Amino acid sequence: MHDDAGASAVIQKAHAVHIPTPMATRDPFLFCVYHRDEYPAGDEKMRAPRRGNGADFDPRAPYRMYHGRDGFAGFPSHPHRGFETITATMKGTIDHADSQGCAGRYGDGDLQYMTAGAGIVHGEMFPLRRADGPNTLQLFQIWLNLPAKDKMVEPAFVMHWSEDVKKKTYDGVEVTIWTGEYDGVNALKPTPNSWAANPENDVGVYLLRIQPGASFTLNPAKGGTSTNRSLYFVEGASVEVCGQLLDQKAVLDVDASRDVPLTNNSDVEVIVLVLQGKPIGEPVAQHGPFVMNSRQEIEQAFADYRSTRFGGWPWDDDAVVFPREKGRFALVNGVESVPKTAPRGNYNIGRGHKMTLPTDLEPLPLDLRQFIRALILVPRLIVLAVVCVVTWILSVAKILATFMLNAYLGAPRRTLISRCKDADRRVCFVHDWLTMRHNEDSTVVYPDWFMRWHRWHLKCVHFAAKAALFSLGYLRVHITGEPRESTLLFVCNHRGIIDTLVLSFVLDEVPYFVSGAGILNLPFLREVALSADCFVVEPAMKNVGVDMLRSVLLNARARANENGFTLRAMKMMNVTKEHAEKHYADLSSKPFFGGLVSYMCSGPVVAMVWEGKDVVKTGRKIIGATNPAASEPGTIRGDFCIEVGRNVIHGSDAVESANHEIGLWFPEGVCEYEPCAKAWIYE
């Protein structure tokens, strides 16, 4: 920038910009990044030539894969809490999916608001829909903070189509008003709890396109000096700001109470983003995707995400990409909308997701549409109510029968009561007296008539799951396989019945039961005014999927790192029966051998090789005793296990057995390297 003393009263500070890295922001904004990626033509699956997976942000490259994988660029599912995102597009296509069940395909001028609030998981992928030419992606993503009183509001999602986004043209200048008001033109409404929703906060997000030779004066903000305003020069050869020539990309903090004249004396278009707003003025504690007011709140956000996954991920893949032929759409609260200029139609966006209401009803008056929707909803609610009542009655009968049989069999051999000093004793009572008991070899100890009833009950619950899911608006309901006889007792309360039915569908078996904390927050439950409160009895069960495995894996890795151990190898795999039998060959004569092998094969396994001083001895202490009831709190088995036959983690008991097991699990060898911190840990 070339100095001009006359402009110093307007331009308060300048920041260098290195696109595509994040740019400097001021309260109430937290983050602003400009993406411009020149993706090539997509292949048959809308992928880019593979340039890297996991973390590809190379600013020197013509395009980046970001956190994408398998040739799909973008950001697979990741969590947020405590703020909102504004995604303002100029070119390209974005596929959005989130844990609320909302989804969308948008781009080429469309605008999306997403309030993370109390917590949401979402993904943004960049499909390369054009197979005959380049796929340019051009957009801004902006993070707008929320005040403390709104940080835990319900997540919200709003889509505005480019055809509706407000613009105002001047001589050689186009102003796109994404947020706020400018020169008498009001932008479309943001999400309800957005800091931008209150006009008194003077939030504005404007895009200025200045043609060669054109000049434009940015009007003062209504909030005057109480408003923070910044200009982001991101495209063009140069621009004159307040008489100063700016010939490199930069962010300018300006006095919002003053006019800001801009002139484009170059021969190419200049693009300037304007961010303004009154500051929230509260402490900001940020760690990765979470933004709160204190460190304690950040720690709570991580704990909440680990325990609830912010409602879970209802999609088949963590990197959701919709079919090529799918046009722009927004799925919000189960209702799909498309731009006014797009063809009308009822789209199926994939297995296991909600049906949309017929778009033929769109032109009808609002009151009539609501009446028709009520007529459609009432029969579904009646079916749902009948299914819930019948299933609840069957479940209560099953609970009573199981309790009486358990009382007849006597006290369980391993009681949890003694471990429940600081926990809800009802949890222990349920585990000890209401769950089905098994022998060490996983065989049941109940009479044949009860097991026949048990299997019949499981089939009834599966049928109920199908009926309930269909009544809740799922387009396809398909459950494969037979319920497992080893499934524990099906139990639910009046609040958790629907979630339990949904889990029956997802897990292909009746869920296990424990009382203590809800694990689901399914968005469609709000539509029928029902709360979600579903529980699982066996924290170590692998059938729940990779989420539990992730928790154990992260704990194991963290504890090993804290003890100075070096990770030499790691991989995730589905274990075959033959492989598991080789691993536990020394236990083949034991009566529990069959159940142990079956358990290891029931879900994905992560194998790791750690190296360090006394790693076997220390590792065994980190893992905990074989019997979880004897494991110390803080050990992996002490924190994650209840039953011996479900002890979730294995560790070598000697160096010799470790060498044997490394050869079995890693025949390709391990990674040899010298950790840079080794000299600080070992003498």
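Residues are numbered from 1 along each chain as its sequence is written, and side-chain values use heavy atoms, with hydrogens and water left out. Because this is a predicted model, local features need pLDDT of at least 70 and side-chain atom pairs count only at pLDDT 80 or more, while totals for chains, interfaces and linings use all residues.

**View 1. Two buried cysteines, Cys-32 and Cys-102.**
Let's start with Cys-32, which has a relative accessible area of 0%. Cys-102 has a value of 5%. Both count as buried, a word that means under 20% relative accessible area, with exposed meaning over 50% and partly exposed in between (1.4 Å probe, protein chains only). The structure holds zero disulfides, a disulfide being a pair of cysteine sulfur atoms within 2.5 Å.

**View 2. Val-386 in helix α2.**
Here you can find Val-386 in helix α2, which covers residues 366–409; helices (H or I, at least four residues) and strands (E, at least two) are DSSP runs, numbered from the N terminus. Val-386 is partly exposed, at 49% relative accessibility.

**View 3. Pro-323 and the residues it touches.**
Look for Pro-323 in the loop between α1 (295–308) and β25 (329–332). Its relative accessible area of 41% makes Pro-323 partly exposed. Leaving aside residues up to four places away in sequence, Pro-323 touches Met-46 and Arg-105, where contact means heavy atoms within 4.5 Å. Pro-323 and Met-46 are 277 residues apart in sequence, yet 8.9 Å apart in space, C-alpha to C-alpha.
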